[in-house]
Amino acid sequence: MTESFADSTLSPALRQAAHGVDVPEDPWPGFARRERRHRRTRLIRAAVAVAVGAALVGVQTNVVPLPGWAPGIAVAAAPTALLDAPPRGALTGDRAWLDALRTWISDDPQLSTDTPLGGWNPDGIWKVGDRDRIRLLYGSDQPGHRVALVVVPLRFGILTKQALVWYVGPAGADARQMRYAGHSEGDDPVMTLMQADSDRGGFAVVVGPANSTVTISGDPRYTSGGTLEYENLAQADGSGVGFAVLPPAPLRNEPVVRVSRDDHVLFEGGLGGGPYEATVDPTGPEMKDLLTAARRGARGTPLDDATLGAFVETALVNSRLPAAGTTVRVRWSGSEHGPAAALFTVRPAGGGVIAYAMHGDDRGSWTDLRLLLPAEGADRRPIGWRIRADNGTRTPTGQVRVIAPPDAARVTVTVGGAPPVTVTLDASNAGTTRIPPDQPATFTAYATDGSVLGTTPLPPVEANMSGLPGDSPATRVTP
């Protein structure tokens, strides 16, 4: 019955539906047309991608010029505290001079270091961007010099950055007389520049954030009262700028810059440059005489000449003192963890006394203590310092070495509010005691009749020895 229904009803209907479908006799031409269209689209897209890639490479390598005003990806920005500061100095109102400087600034990598940007763009990678955005942060005339600090927008393809660049010329110089003198390298919130000449003199200039206080310090002075003072070289105007005129002679010491706002130090460091006068000649007659006198009255195991010379030279360089006119006395010498060790004092003529504790030898030494003392009574004070671990970390331990003055009969240590405890001394008047690392302590020396010779606090361990002795509470006893 089913077979009869299919033959009689479905077969004719299906044949009629099939005849109604419009199928081309040859489908290939239509397929070929569509394939050619798709291939042409793919070729166009590939060509566009290659062109865009080539353009990007050209732009990034500066082969294809990009307008200076075009946006880019900012990298390695200069310190914001300076970029956001208002322009300062007498040249800020000289628009004609600044416009001329904008035109004069060049980015040609073939230029020598005597030309505007030579010396800091040696490969020609960076190009000056929008010249209208070149602006003056500081500019003024000082004795014999015109100095300017300029913000220069730079571009390397799609990368951009702002550089802080120093330019220097003779006083009253026009733009074409200005020469490149330095540029920003780090993110310190200040820019410093020093040019010194032993024949013609020079200058040092510091530009910090607005409303900061700038000091430029010269030679240090250790007062007899146990304080550290500096020769002030800066002519500061309170706007965050300091300028110092340098004499036509070698400097004894590197000038030190401090930039602060309220009680917060924003920057502290040396100016570099030079030339500097050699203050310590380890083979000179002054050093020989100083070392001979240093051994008088010394207690303990004597140091060999090379080690003593190395210790004293290190102390003189560290304190920026010359050998001539300085007195050195070895209070004690012995050993620490094997190497030789010593406590000695250094005193400039008419100044305070600096106690140094060191250990090592002439090939290398470590400073364990730097302590500025008032001159009066310095030789009657007991002095102690924490012994550091002998495991490569130099971590301060609870063990403390104490050296008594020559006339002391005994020494006591007072830790916190505890009762005084007597420190056992050996024949060299040296002893050791234990004091918890987080506890303050005071040493007191007594004469044979029981009278007090002197007292000295145990100084905290210095975390940073970059400054001079007496420059921090950890290195002085005078408040």
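Student: What makes S20, S21 and S24 an open sheet, and what is their order?
Tutor: In this predicted model, the three strands lie in the order S20-S21-S24 with antiparallel pairing. Strands here are DSSP runs of E with at least two residues, helices are runs of H or I with at least four, and both are numbered from the N terminus. Strand S20 (383-388) and strand S24 (430-434) each have a single partner strand, so they stand at the edges and one side of each is left without a neighbour in the sheet. On average, neighbouring strands of this sheet are turned by 30° against each other, direction ignored; the axes behind such angles are lines fitted to C-alpha atoms, for helices over the stretch in contact, and angles run from 0 to 180 degrees between N-to-C directions.

Student: Before we go on, what should I know about the numbering and the values?
Tutor: Residues are numbered from 1 along each chain as its sequence is written. Local features need pLDDT of at least 70 and side-chain atom pairs count only at pLDDT 80 or more, while totals for chains, interfaces and linings use all residues, and side-chain values use heavy atoms, with hydrogens and water left out.

Student: What makes the span of H6 close to the expected one?
Tutor: The expected span of a helix is 1.5 Å times one less than its number of residues. Helix H6 (residues 305-319) has 15 residues and reaches 21 Å from its first C-alpha to its last, close to the 21 Å expected.

Student: What do the buried residues of H6 pack against?
Tutor: Those buried residues include Leu308, Phe311, Val312 and Leu316. Their packing partners include helix H5 (285-294), strand S9 (213-222) and strand S16 (326-335), where contact means heavy atoms within 4.5 Å.

Student: Why is valine 150 called buried?
Tutor: Buried means under 20% relative accessible area, exposed over 50%, and partly exposed in between (1.4 Å probe, protein chains only). Valine 150 has a relative accessible area of 0%, so the residue is buried. This valine is found in strand S4 (residues 145-156) and touches, among others, Leu101, Ile134, Leu164 and Tyr167.

Student: Why is the pair of phenylalanine 203 and phenylalanine 243 called stacked?
Tutor: Rings of Phe, Tyr and Trp (its six-membered ring) pair if their centres lie within 6.5 Å; planes under 30 degrees apart count as stacked, over 60 as edge-to-face and the rest as tilted. A search of the whole structure finds two aromatic pairs. For phenylalanine 203 and phenylalanine 243, the centres are 5.4 Å apart and the planes are at 10°, so the pair is stacked. The pair links strand S8 (residues 202-207) with strand S12 (residues 241-246), as the two residues are 40 residues apart, and both are buried.

Student: What makes phenylalanine 344 and tyrosine 356 a stacked pair?
Tutor: Their ring centres are 6.0 Å apart and their planes at 20°, so this pair is stacked too. Phenylalanine 344 lies in strand S17 and tyrosine 356 in strand S18, twelve residues apart, and both are buried.

Student: Why is strand S25 described as mostly covered?
Tutor: Five of the six residues of S25 (residues 441-446) are buried. Six bridges join strand S22 (residues 410-415) to S25, and five join S25 to strand S26 (residues 452-457), both pairings being antiparallel. Threonine 444 stands opposite threonine 455 in S26. In the hairpin of S25 and S26, glycine 450 takes a positive phi near 90°.

Technical notes: Pairing = 2+ DSSP bridges. Lists of a residue's contacts leave out its neighbours within four places in sequence.
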